[in-house]
Amino acid sequence: MTHAMLKGSNVPLQATTVRAVLRWTPGQGVPDIDASALLLGSDGRVRSDEDFVFYNQPRHPSGQVWRLGKKRVAESLTDTIQTDLSGVEPSVGRILLVASADGTAFDRVRSLRILLHDATAADAEPLAYFDVKPETGEETALICGELYRRGDGWKFRALGEGYSNGLQGLATDFGISVDESEGADGPMSPPRPESSPSAPAPPTPAPPTPAPPAPAQSTPVPPTVGPDEPTAVQPLRPVPEISRPLPPEQPVGVPAQPAYGYPQQPPAAQPAYGYPQPAGRPGYGYPQAPAAAGVTGAQSGYGYPPPVTGAPDPDFRLPPQGPQFLGR
């Protein structure tokens with residue numbers, strides 16, 4: 001059931017997390033509305049500047065009160081404050097729900113209403129609502145209502161109290177430190193966010209200067225040796241010798257299979273080609289054995305003088321490994 005509240009009335013809250021929604025109708029000349037909250041102690045004042053939740057400080061350090069921001073709903077605009085009542089610190093006795101018009105009087109604002117919803121129930125009807133109407137029309141800030149402790153629970157009271165010196169004057173009355181000097185770091189000194197139409201656009205940050213390219217790595221140059229400095233002598237690499245196999249020694253006896261290129265004893269059956277032949281068939285290109293008595297020069301080896309029957313010629317040398325190895 002939704003409670004339609006009058007100024008000064010109250011209603012108990014069964015919900016542990018409530019959403020206070022400010023709703024108004026935009027139009028030509030209608031100022032932008034901002035929702036804020038102040039957490040008050042037992043003395044009716046804030047404990048520190050951190051107890052002020054507004055557009056430049058949208059979340060309380062305890063994390064139990066925060067600002068959700070503006071939305072468009074049908075033909076209206078909304079700005080919302082949400083509170084987890086079960087987690088609010090025991091030293092906080094009241095939470096004021098405030099609407100400010102950024103220096104413009106509320107007599108230009110149409111259909112200003114505050115609605116309380118159970119944040120855990122999606123698409124449910126509001127728990128209560130209150131139509132806020134300024135008393136003089138010159139107010140620039142309004143306390144629409146308050147959440148306050150009653151025993152072990154919480155209640156909501158409809159107020160509608162106005163301030164003609166805006167959000168800054170209202171916050172000062174409840175103990176917020178406001179430094180109006182230029183460049184001050186107080187909670188009211190930062191500019192409004194971009195969502196507000198009257199907020200100045202933040203300066204565009206300069207593009208970062210690109211880092212210079214890393215120098216290309218060049219091939220290292222060996223150090224120069226001065227005329228008086230000794231130069232390190234690199235050892236020479238040994239040149240491998242080309243080894244050629246030595247010709248085998250001439251066998252003393254006749255092997256079972258004669259080596260190619262050496263004079264052999266005449267075989268019994270069929271002599272090898274290019275070696276000394278028996279007397280009947282002289283070998284081609286080699287000196288022949290001594291001819292028997294009565295053998296003429298026509299029967300000697302081709303291209304060689306007839307063999308001498310006397311002592312051998314001391315200057316005679318066999319060609320190395322046959323004629324195929326001679327230089328050409």
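1. Searching the whole structure turns up two aromatic pairs, where rings of Phe, Tyr and Trp (its six-membered ring) pair if their centres lie within 6.5 Å, and planes under 30 degrees apart count as stacked, over 60 as edge-to-face and the rest as tilted. The rings of F52 and F54 are stacked, because their centres are 4.4 Å apart and their planes stand at 10°. The rings of F54 and Y55, with centres 5.1 Å apart and planes at 65°, are therefore edge-to-face, and ring pairs thus link F52, F54 and Y55 into a cluster.

2. This is a predicted model, in which local features need pLDDT of at least 70 and side-chain atom pairs count only at pLDDT 80 or more, while totals for chains, interfaces and linings use all residues. Residues are numbered from 1 along each chain as its sequence is written, and side-chain values use heavy atoms, with hydrogens and water left out.

3. F52 is buried at a relative accessible area of 0%, and F54 and Y55 are buried as well (buried means under 20% relative accessible area, exposed over 50%, partly exposed in between, with a 1.4 Å probe and protein chains only).
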